[in-house]
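Here is a walk through one protein model, taken helix pair by helix pair and then domain by domain. Keep the structure open as you read.

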Amino acid sequence: MLNKLIDTRDTRFVIFEMLEIDKLNKYEAFSHADRDTMESVLDLAERMAVETISPVNTIGDKEGCKFDPGSKQVKAPESYKKPYRELADAGFIAVADNPKYGGMGFPHTIAACCDEWFNTACGCLNFYNILTHGAANLIYLSGAEEQKNLYLPKMFSGIWSGTMCITEPDAGSDVGSLKSKAIPCDDGSYLIKGQKIFISGGEHNLTDNIIHIVLARIEGDPESVKGLTTFIVPRNIINSNGAIGENNDVICAGIEHKMGIHGLSTATLFFGDNDKCKGYIVGGKCNGMKTMFLMMNESRNHVSNCALAFSSTAYMHAASYAKTRVQGKESSQIMNPTAPSVTIINHPDVKRMLLRLKSYVEGMRQLMYLLSWYMDMEKVSDGDSKREAKAMVEMLVPICKAGNTDIVWDAVSEAIQVFGGVGYCSDYPVEQFARDCKLLSIVEGTNGIQSIDLVMRKVLMNKEQYNYKTFIKNIMKTIADAKNIVPAVLTEKIENAVAKMNQCLTATGKKLMSGNIGGVSADTRDIENGFFLLSLAWMHLWSLTLTIPKQQQLIGTAGNEERKKILAENSEAAFYEGKILASRFFIMKEFNKYSAYIDAVMSEDTAVLDSVDDIYTGMPVG
Ligand SMILES: Cc1cc2nc3c(=O)[nH]c(=O)nc-3n(C[C@H](O)[C@H](O)[C@H](O)COP(=O)(O)OP(=O)(O)OC[C@H]3O[C@@H](n4cnc5c(N)ncnc54)[C@H](O)[C@@H]3O)c2cc1C
């Protein structure tokens with residue numbers, strides 16, 4: 001289907017040619033997931049994204065959410081109601097979930113592709129679904145059977161929605177300092193008291209009830225993250241017959257006025273102002289962080305996917321525009337006053353911008369779907385395969401979260417640049433993508449926090465550095481596979497980059513062992529940026545091992561004119577040729593930035609730590 005959201009052919013390339021997802025159906029859990037069935041789910045997701053959801057993206061942005069101070073209720077954009085319901089009715093909230101509770105039971109990789117479609121169509125609307133799924137999945141993975149039976153069917157079908165309530169005025173990145181408390185009741189439930197801010201989907205009228213997942217501290221438990229417990233707190237009481245009762249003393253005090261993502265309500269919530277808010281433990285007492293991480297990790301993957309999706313649609317809009325906008329003469333004709341004007345896609349600098357965008361989008365897509373594939377392998381395999389899959393998931397979650405959500409801001413900016421002046425105006429959708437995408441680097445743990453998590457916890461402090469060794473082992477395997485297919489100049493660049501990362505981490509590990517934690521913390525962003533670029537280069541190399549043979553088969557040694565004719569007439573030939581050029585561009589041009597990040601770490605310069613507060617001019621806030 002022609003669209004400006006996603007290159008459908010590329011999704012099929014990653015899913016079926018690269019990851020060979022259809023092979024997963026040898027496992028019992030995916031025995032129903034043959035290629036035809038998966039193709040039909042992807043086709044439906046594409047059709048709904050293009051026809052049902054994308055038309056409300058701009059409308060919902062303009063409508064926004066409205067808070068009524070009298071009733072304390074929030075209206076989501078009216079335009080969202082129909083597509084929200086259709087998406088939920090089609091089963092898309094629970095693509096990879098257990099059919100026993102209403103899920104479709106497909107691999108996570110298929111769910112990731114559907115998620116990409118809905119995020120490109122209207123990322124804001126899809127946030128409601130993802131939060132609902134995240135809350136439901138937390139209950140599925142750590143709840144009691146009666147909790148699963150009570151909540152999952154209603155949440156997977158989108159009749160009730162879900163939220164994640166962590167942030168408080170004095171507890172943002174430092175979750176352990178939150179003040180919400182829980183007081184035990186005789187019936188085994190708890191009275192919840194506290195204020196949560198910035199709660200996405202915290203109050204709205206798209207669903208009959210909202211199931212809040214709330215992090216709080218039971219009175220008397222330790223004042224650190226170790227004292228936190230996770231609670232299920234329905235906005236409305238659920239009666240014993242399953243019917244929805246009165247408000248559970250969860251009051252919305254207002255919504256934020258944001259730069260973008262206008263259709264998603266971001267609420268301040270007061271729990272238990274009247275001492276009547278009932279919460280129910282999920283996942284065990286003082287096990288709150290571990291339980292909440294189930295939802296946080298999923299949300300991290302969701303925002304990484306959103307970043308891929310916004311980059312994809314920004315690129316597709318820019319490429320479409322560049323093919324129609326006529327301006328200037330071809331570079332070889334600039335001295336010829338009678339030469340005709342050409343479309344801007346003919347200018348080398350515009351081609352450079354588009355190829356750069358294409359190379360990031362395709363690299364991020366490969367990496368995101370690979371992460372999902374490892375989640376599938378962690379679910380169905382055992383022994384060493386399971387351990388390896390877990391290690392790869394641990395590495396790739398922060399790499400994708402920080403990497404994708406940083407690059408989307410750059411990618412959307414580049415897409416606006418392709419449009420020129422009109423890109424800056426609201427008549428064209430790319431300016432909305434810019435406003436919407438910035439959120440992604442802030443939520444679900446800022447990218448600074450992701451980098452610390454990656455370098456400290458996932459790499460340096462991981463036992464025997466198994467995670468890192470597994471990650472590098474997989475890259476080295478691709479390098480070995482590529483040797484007789486891909487030109488040596490490309491494989492050698494990645495081989496050298498691996499050696500550089502090894503040296504960098506050895507030096508950083510020594511710094512950590514010497515107790516210089518500040519020095520390591522000052523470098524974590526550069527190291528994470530290095531990991532992201534290395535991961536994308538790895539993806540492009542892997543892709544080349546498949547695309548080069550295909551290109552040779554379809555184009556062979558055809559001369560220039562003949563090659564052009566083949567590319568014009570054969571869309572498959574153009575597809576593989578395009579992928580090769582994007583991979584070559586990434587490895588030979590963009591990947592040179594990798595060395596800058598690693599060299600910055602290896603310089604051992606201490607300017608960051610030497611800078612005391614007083615050198616920074618400006619007034620304190622407040
Ligand atoms: C639109 C929107 C929706 C949101 N939705 C939700 C939601 O649904 N649920 C929810 O619970 N929260 C939500 N949040 C809150 C969001 O998760 C927080 O804003 C985020 O965790 C950062 O916290 P903070 O804003 O307090 O920033 P701070 O923690 O004050 O951080 C400010 C800066 O300092 C850095 N920093 C802080 N501590 C450290 C450290 N130890 N080391 C290095 N750097 C550090 C950060 O990286 C950042 O750059 C939402 C926020 C927004 C804007």
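**Helices, domains and a ligand**

Helix α9 (residues 383-419) and α10 have axes that come within 9 Å and cross at roughly 165°. The model is a predicted one. Angles over 145 degrees count as roughly antiparallel. α9 and α10 are therefore roughly antiparallel to each other. The crossing in which α9 passes α10 is left-handed.

Now look at the side chains in this pair. From α9 come Val-408, Trp-409, Val-412, Ser-413, Ala-415, Ile-416 and Phe-419. They meet Val-430, Glu-431, Phe-433, Ala-434 and Cys-437 in α10. By class, the contact of α9 with α10 has 10 nonpolar residues, 1 polar and 1 charged.

α10 has another partner. Helix α7 (residues 288-322) packs with helix α10 (residues 430-437) at an angle of about 165°, and their axes are 10 Å apart. α7 and α10 are therefore roughly antiparallel to each other. Here too the crossing is left-handed, as α7 passes α10.

Which residues of α7 meet α10? They are Ala-307, Phe-310, Thr-313, Ala-314 and His-317. On the α10 side stand Val-430, Phe-433, Asp-436 and Cys-437. The contact of α7 with α10 divides into 6 nonpolar, 2 polar and 1 charged residues. Val-430, Phe-433 and Cys-437 of α10 meet α7, and Val-430, Phe-433 and Cys-437 also meet α9.

Turn next to α5 and α6. Their axes come within 9 Å and cross at roughly 160°. α5 and α6 are therefore roughly antiparallel to each other. α5 passes α6 in a crossing that is left-handed. Thr-132, Ala-135, Ala-136, Ile-139 and Tyr-140 are the α5 residues of this contact. Their partners in α6 are Gln-147, Lys-148, Tyr-151, Leu-152, Met-155 and Phe-156. The contact of α5 with α6 counts 8 nonpolar, 2 polar and 1 charged residues.

Step back to the domains. The protein is divided into domain 1 (8-64 + 79-155), domain 2 (160-287) and domain 3 (446-605). Between domain 1 and domain 2, the C-alpha centres lie 25 Å apart. Domain 1 puts 25 residues into the contact, and domain 2 puts in 18 residues.

What builds the side of domain 1 that touches domain 2? The elements that give two or more residues are α3 (56-63), α4 (81-89), α5 (108-142) and α6 (145-156). α5 gives the most, with 12 residues.

Finish at the ligand. How many residues surround the ligand? There are 19, and the closest are Ile-166, Gly-172, Ser-173, Thr-446 and Gly-448. β3 (160-165), β5 (190-200) and α11 (447-460) each supply at least two residues of the shell. By class, the shell has 10 nonpolar, 8 polar and 1 charged residues.

Technical notes. Residues numbered from 1 in each chain as written. Predicted model: local features only at pLDDT ≥ 70, side-chain atom pairs only at ≥ 80, totals over all residues. Axes fitted to C-alpha atoms, helices over the stretch in contact; angles between N-to-C directions. Helix = DSSP H or I, 4+ residues; strand = E, 2+ residues; numbered from the N terminus. Parallel < 35°, antiparallel > 145°, perpendicular 65-115°, else oblique. Left-handed = near helix turned anticlockwise from the far one by under 90°. Contact = placed C-beta atoms within 7 Å. Nonpolar A, V, L, I, M, F, W, Y, C, P; charged D, E, K, R; others polar. Near = placed C-beta within 6 Å. Domains from an automatic or database assignment.
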